[in-house]
Amino acid sequence: MHALTESVWEVITWKSKTPYDAASDQYTRIFMPKLFIISSLVMGFSYFNDKLNCMVSARLHELKEFVQETCWIQGFYIYQEMHTRLNESSYYGIPEYNGYDGVTKAGQLCSMLDRAGGKNIACNEMTKRYFLHYQWLPFFVCSMAILYFFPYLIFRAGNSDIISLVDLVLTGNMKDVDKLVNNYFNYKINSKLKMRIIIWFNLVLKFLYIGINFAGFFLTDFTMDSLFIDYGAAWWEWNKVPNSIAHDIVKTGIPKPGDRFLPSVGICEVHEALNDKRGVYIDKHKVICEVSQNIRYQYIFIILWFFFATGVLISTLGLFHLIYSTLKAMFVVYNPTCYEEELRERISEQLTLREIEYLEKIRLMDMTMYGEVIRELYRYKPGLQTIKRFNESATSDSVSLMPSAPNTARTSRTTLYDSREEFLSD
């Protein structure tokens, strides 16, 4: 039992030891899979421990266990037409009189069989809505963890540079600064074309994260008979109704969102056949059963609904944040209104957008190493230190392209050509 508790605790503990991706992506690939696994474990408890209870007649009392097992296998149903007939229902979707299974053209409930056992032509059969979700829902919810983790696998495949950089910063020391600069900021090893492709790749990946969050929403809705999309909103509105009215379906005039989503009471039909010396006896019994698992599933899915919606919001904000960061970097590097005409090409040659991401990642992880990297880059690219803003007046302001590093020493000014030759030769 202790080992099981430790295993579950390891699953639910939020620890990101490798911060390769953004926090918005970690919500999708870390938090949501853990939520799915925990939910499936709770559902699994109901799956193996909760039993059905069916109301059977005295004649079937000795066969009650058989009836309940049979109903669990073949499933239950309610009548869709009873959704708007709450005052004529004993339970949601079930008529007060168990024999009613149809409705006349005038809108009156009726039985498909008349008293003589023949077909009642004036009665139209009501539509049965079967639900057997309790049989496989724990497995479905657990499998959703794979779907939400999938974009991260693609991220790792396309961002091997940032992954190795993070590992180097985490496990390295100040002696590795020179190796870091000579490998990650060297265009012979890490080409500009490759870095541009990765920038576009990550932008597409953000759309994939949004698509996965929407896919989880709509896939669950499709699985739950198109009743999941508006489940959270309906529950929120129903929760505003006073308690004395909310649980009385006659007073509210609308069913509880949970009952409409996954009814906890349903109808089951059991066939009885007997063959003895006196002849063959065949009969069909209609029993009402309660499915207690569905009560727990209702609350689990309302929690999942809100986290699904949060995931869509967070992944969308992650896309906007990436676009904002990229445009901000491009504005600093390429905007022709802020710099002299002859300096545009010079600025773009100093740092690429991917290199700016490298520096930002290093800054967030280790400020001291970030400062050392900046000083090392200044040795090879002195044009990084300051860029003069175009100004026709006698004085020009200095604009730093990157956040200032601690104890940054100014280096001697050399030409850009000489600095790049020195950088590549090293």
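Me: Is the disulfide of Cys71 and Cys268 left-handed or right-handed?
Reply: In this predicted model, local features need pLDDT of at least 70, side-chain atom pairs count only at pLDDT 80 or more, and totals for chains, interfaces and linings use all residues. Residues are numbered from 1 along each chain as its sequence is written, and side-chain values use heavy atoms, without hydrogens and water. Cys71 is joined to Cys268 by a disulfide (a pair of cysteine sulfur atoms within 2.5 Å), with an S to S distance of 2.1 Å. The torsion about their S-S bond is about -95°, so the link is left-handed.

Me: How many residues apart are Cys71 and Cys268?
Reply: Helices (H or I, at least four residues) and strands (E, at least two) are DSSP runs numbered from the N terminus. Cys71 lies in helix α3 (residues 64-74) and Cys268 in strand β9 (residues 265-276), so that distant parts of the chain are linked, and the separation is 197 residues.

Me: Which pattern do the disulfides of the protein chain follow?
Reply: A search of the whole structure finds three disulfides, including that of Cys110 and Cys123. With bonded cysteines counted along the chain, the pattern is 1-6, 2-5, 3-4.
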